[in-house]
Amino acid sequence: MDLEEQLRTALRPKNPPAGFASRVIKRTLTRRAAPPSPAKRERALRAAAAAIMLTALLGAWTAYEIAGERARDKVLLALHIAGSKVRYAQTQVHGIGH
Amino acid sequence: MKRSLVWLFMAALALPASAQQINLDFPGLSERAAEEVTVTLDARMLRLASKFLSDDRDERTVRDMIQKLEGIYVRSYEFDREGEYDRSVVDRVRSQLGTNWNKIVNVRSRTRENVEIYTQTRGDAITGLVVISAEPRELTIVNIVGSIDLDRLADLEGQFGIPKISKERKER
């Protein structure tokens, strides 16, 4: 048998034996990792909850800081405007007095 | 019955503070203004702001001052041309000031701004302040609710690193 014939024989398509696919699926399902233990699951849930809470807290804190800084700037601006008007009036009144 | 009396008492306490706040809502003025500054700070916002003021001398002074305040309200408008705002706005502010308000300063100037200062007092203490500053191209109204020292307020002007007045320039 020449080389070409040998290759043709070796590479000839061959149907799998009956039930092959179902056996593969069955084996895959039985080999799937066992579900985590309740303790492990609880730990994972707790970690996720803590992460969510931490993110929410950080967000809330950032919002609080931004609002606070804005309020501070507004106070300084408002008092600056009010102060400048009162000072102007005082200067005018004192100017008349002298 | 007892509870209703307590509520009534609390409402009576709250009344003088709320009575000092005036309505600074001027429809249409904002649209005509080229620049605008609006500051609305109620007691809650003032308490929040006080937590963010630093401990340096000037900001400490501000913190002391705002601790006695219930509100700061500022409306300042700058216009491109003279006569762009209706002078009746000023009358509308004046008309809200009851008999317990006194005009303590009235500065009239042909070239500069006209300033009127009104105060509401309880005993010797000033418990409310309204400043109306009217110029041909600018109108500023300030309402401070609560106990305020005018001299200290005037001293604040330009004393500390106030953020640059960020008037909102409008796109035309």
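In chain B of this predicted model, a hairpin of 2 residues links β5(B) to β6(B); strands here are DSSP runs of E with at least two residues, helices are runs of H or I with at least four residues, and both are numbered from the N terminus. Strand β6 of chain B covers residues 138–146 and pairs with β5(B) in the antiparallel sense over 8 bridges, where pairing requires at least two DSSP bridges between the strands. Within this pair, S133(B) stands opposite T140(B) of β6(B).

Turning to the two chains together, 25 residues of chain A are in contact with 33 residues of chain B, contact meaning C-beta atoms, placed from the backbone, within 7 Å. A78(A), for instance, is in contact with V39(B), L41(B), I72(B) and V74(B), leaving aside its neighbours within four places in sequence.

The largest nonpolar core holds 46 residues, and A78(A) is one of those that touch the most other members, as are V75(A), A82(A), L41(B), I72(B) and V131(B). Such a core joins buried Ala, Val, Leu, Ile, Met, Phe, Trp, Tyr and Cys residues through C-beta atoms within 7 Å, buried meaning 20 or more other C-beta atoms within 10 Å of the residue's own. Helix α3 of chain A (residues 38–97) supplies the largest share of this core, 11 residues.

Residues are numbered from 1 along each chain as its sequence is written, and chains are lettered from A and ligands numbered from 1 in the order in which they are written. As the model is predicted, local features need pLDDT of at least 70 and side-chain atom pairs count only at pLDDT 80 or more, while totals for chains, interfaces and linings use all residues.

Methods:
A residue is buried if 20 or more other C-beta atoms lie within 10 Å of its own, exposed if 12 or fewer, and partly exposed in between; C-beta atoms are placed from the backbone.
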